[in-house]
Amino acid sequence: MSICILFPTATEARQFQHPGVHTVVSGVGLTATAYATLKVIHERRPSLLILAGIAGMYPQAGLAIGEVVLVSSEVEGDLGFFTPQGFTHLAQLPLEMAFERRHTLHCPHLPAASPLRRARSLSLNAALAPFVDSSAVEIENMEGAAFFHVCQQEGVPFIELRAISNVVQPGHDDWDMDGAVTALHAALTQLLAQLPAVAG
């Protein structure tokens with residue numbers, strides 16, 4: 001099995017090594033992630049792609065700082081329009097235009113035997129955005145929806161792993177970046193040990 005791991009930043013990737021696994025610093029945000037994901041697919045033809053990084057948790061999520069989750073679904077949460085009634089997601093606008101109404105993207109590749117909890121996520125270029133609907137999700141990140149979309153379009157199996165570093169709440173600055181990255185790397189190592197043999 002050929003596996004590539006994408007980390008949004010060098011901080012999240014720092015010193016992570018695993019025999020036979022290729023790692024890439026993909027960049028922060030949806031645009032950088034879409035480009036990096038497609039480039040890795042075309043250049044390396046992996047049998048599995050993993051996106052690994054930190055995330056914020058919404059106050060209602062019932063998660064803990066330092067906890068690592070498998071992401072079961074992603075929504076590009078700030079894709080839409082502001083209307084007189086407030087922000088409306090593009091997929092829910094009654095526009096008379098022919099386009100793909102893409103809202104929730106699901107991951108069908110999560111390992112059934114993993115002890116990690118599953119979480120639903122919003123991806124935002126505008127982190128901590130107060131106008132998005134976070135009622136049906138637990139976490140927030142800045143890359144996952146682009147990663148899900150490209151992998152689905154290219155037919156490449158994928159998994160997203162996120163370690164909780166902070167609470168999604170403006171003014172809540174109690175982040176544990178180091179602890180989250182340490183937990184992320186431990187969970188990645190555990191996940192890789194559960195997968196079929198990795199080809200170099």
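Here are legends for a few close-up views of this predicted model.

The model is predicted, so local features need pLDDT of at least 70 and side-chain atom pairs count only at pLDDT 80 or more, while totals for chains, interfaces and linings use all residues. Residues are numbered from 1 along each chain as its sequence is written, and side-chain values use heavy atoms, with hydrogens and water left out.

**View 1. The largest nonpolar core has 52 residues.** A nonpolar core is a set of buried Ala, Val, Leu, Ile, Met, Phe, Trp, Tyr and Cys residues joined through side-chain atoms within 4.5 Å. Buried means under 20% relative accessible area, exposed over 50%, partly exposed in between (1.4 Å probe, protein chains only). Ile5, Leu49, Ile50 and Leu161 have the most contacts inside this core. A second, separate core has eight residues, among them Tyr58 and Val75.

**View 2. Zooming in on Leu161.** Contact means heavy atoms within 4.5 Å. Skip the neighbours within four places in sequence, and Leu161 still touches, by that contact rule, residues including Leu51, Val68, Leu116 and Leu184.

View 3. Rings of Phe, Tyr and Trp (its six-membered ring) pair if their centres lie within 6.5 Å; planes under 30 degrees apart count as stacked, over 60 as edge-to-face and the rest as tilted.

**View 4. Phe82, Phe87 and Phe131 form one aromatic cluster.** How many aromatic pairs are there by the ring rule? The count comes to seven.
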